[in-house]
Structures are given as structure tokens and as C-alpha cells.
Amino acid sequence: MSTQAAAPTRREQILKEAARLFAERGFHGVGVDEIGAAVGISGPGLYRHFPGKEAMLAELLVGISGRLLTGGKRRAAEGEGAGLAPAEVLDSLIEGHIDFAIDDRPLIILHDRELDRLRDTDRKLVRSLQRQYVELWVEVVREVYPRLAEAEARACVHAVFGLLNSTPHLGRPGALPGRAATAALLHRLALGAFGGAHGVDGGANRAS
């Protein structure tokens, strides 16, 4: 059976190019015609897919928050179903977030810069999805590091997200040491941060 990924839909292509352009030049620095040109269709043709730039931005930011939460829940459920130790589940959560941080850097920039441009309802939805994602991590972190109080674990999760989401500031993609090396470095740093908060080395017996 073929494992080749399905080709992106036109809608997905539009969102990818919109994210790139918004991140590079700012939301107000990009016109609908430019987004259309990037995917090979006329600007007015985009209105068959989205009513405007605001709708693209909302789908990008709500969408990635939803995908992170769904992916995190899936990893946690798969780990529990496979009988994995909590530390292994945490490793899987970290790996999933690193994939996002490396592969979707424009979305990190958009979130930091443009979140306030969303309508109140969309912004509240993003925040709700993010809170659920944080709490999923907090539960796993407290299983791995039982001496951490809930408030400490939550602060650690936010701090680790800040660390992992620093990828837009690490330099141009070509200046990084390679995807695998960057992912491995970020993984070690995340484990080190959790372990440091718990008072042990990140690679040590985390339940001790």
C-alpha cells in the first residue's frame, strides 16, 4: 500500500502561501492578488475559497491550535493504549510539538504578531484550544515529575513551549544544523528544562 502523502488541496495551497506571505510582510502588507499569484490563480478566484484575508488568518490560527490539540490527544491515547511509560508519552508530545515548531515557523510568527486581528469569537476559540493543549501536557508532566505542583508544571509547560517556539529566531532554515540535528537539540533542551524544574537531570529517572 502506498504511503505517499495526498497532494495538498487548492485551499491548503492558498493557506500555506498566505501564511508565508503574512509572516514575511505582515497581514496588511499582503494583498489578495499576491496570494492568488503565489498559487497560480487570480485574486478574485480566491473568493471562491475564502471571503477575504481575515478568514484565511482565522483558519490558519484556529486550525493550527486545533491540530496541535488533536495531535497531542492522539499521541497520549496511543501511548496509553500501547502501555507506554509516562516519560515515553512526554517524549512523543515533545516530538509532535517540535515537528510543528520546525515545519510551521510562519504560523508561530503569525500567532505572535497577528492574533489580535482575529474576531473575538475566533480569538477566544484559539485560546480555549491552547488551554486544553497545555492541560494535556500538564497531566503527563506531573506523571513523569510527581514532585512538581500543578502550578509549577503548568509554568514549565508554558516555558518549554516558549523554548520550542523560538525556532523563527534561530536563523534562516539554511543556517540551522539540519532538521534532524535541530529536532534532537530541541528535544534535549525541553527534557532538560523539565528535569531542571524537578531538580534532576532531564535524562535521569524522572519519577525519582
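Biologist: How do the elements of the protein run from the N terminus on?

Modeller: Bear in mind that we're looking at a predicted model. Reading from the N terminus, you get α-α-α-α-α-α-α-α. That's eight helices and zero strands.

Biologist: What box do the C-alpha atoms fill?

Modeller: Taken along the principal axes, roughly 60 × 40 × 35 Å. There are 208 residues in there, and 43% of them count as buried.

Biologist: And how should I read burial into a core?

Modeller: A nonpolar core is a set of buried nonpolar residues joined through side-chain atoms within 4.5 Å. Here the largest one has 60 residues, and Phe22, Ile35, Met56, Leu90, Trp137 and Phe194 have the most contacts inside it.

Biologist: Which elements give two or more residues to this core?

Modeller: Go down the list: H1 (10-25), H2 (32-39), H3 (53-81), H4 (86-103), H5 (105-114), H6 (120-144), H7 (150-164) and H8 (179-198). The core also draws at least three residues from each of domain 1 (9-51) and domain 2 (53-197).

Biologist: Let's zoom in. What is methionine 56 in contact with, leaving aside its neighbours within four places in sequence?

Modeller: Ile14, Leu15, Ala18, Phe22, Ile35, Leu46 and Phe50. Across the protein, take contacts between residues at least 6 apart in sequence: 69% of these join residues at least 24 apart.

How values were computed: Residues are numbered from 1 along each chain as its sequence is written. This is a predicted model: local features need pLDDT of at least 70, side-chain atom pairs count only at pLDDT 80 or more; totals for chains, interfaces and linings use all residues. Side-chain values use heavy atoms; hydrogens and water are left out. Helices (H or I, at least four residues) and strands (E, at least two) are DSSP runs, numbered from the N terminus. Buried means under 20% relative accessible area, exposed over 50%, partly exposed in between (1.4 Å probe, protein chains only). Contact means heavy atoms within 4.5 Å. Domain bounds come from an automatic or database domain assignment.
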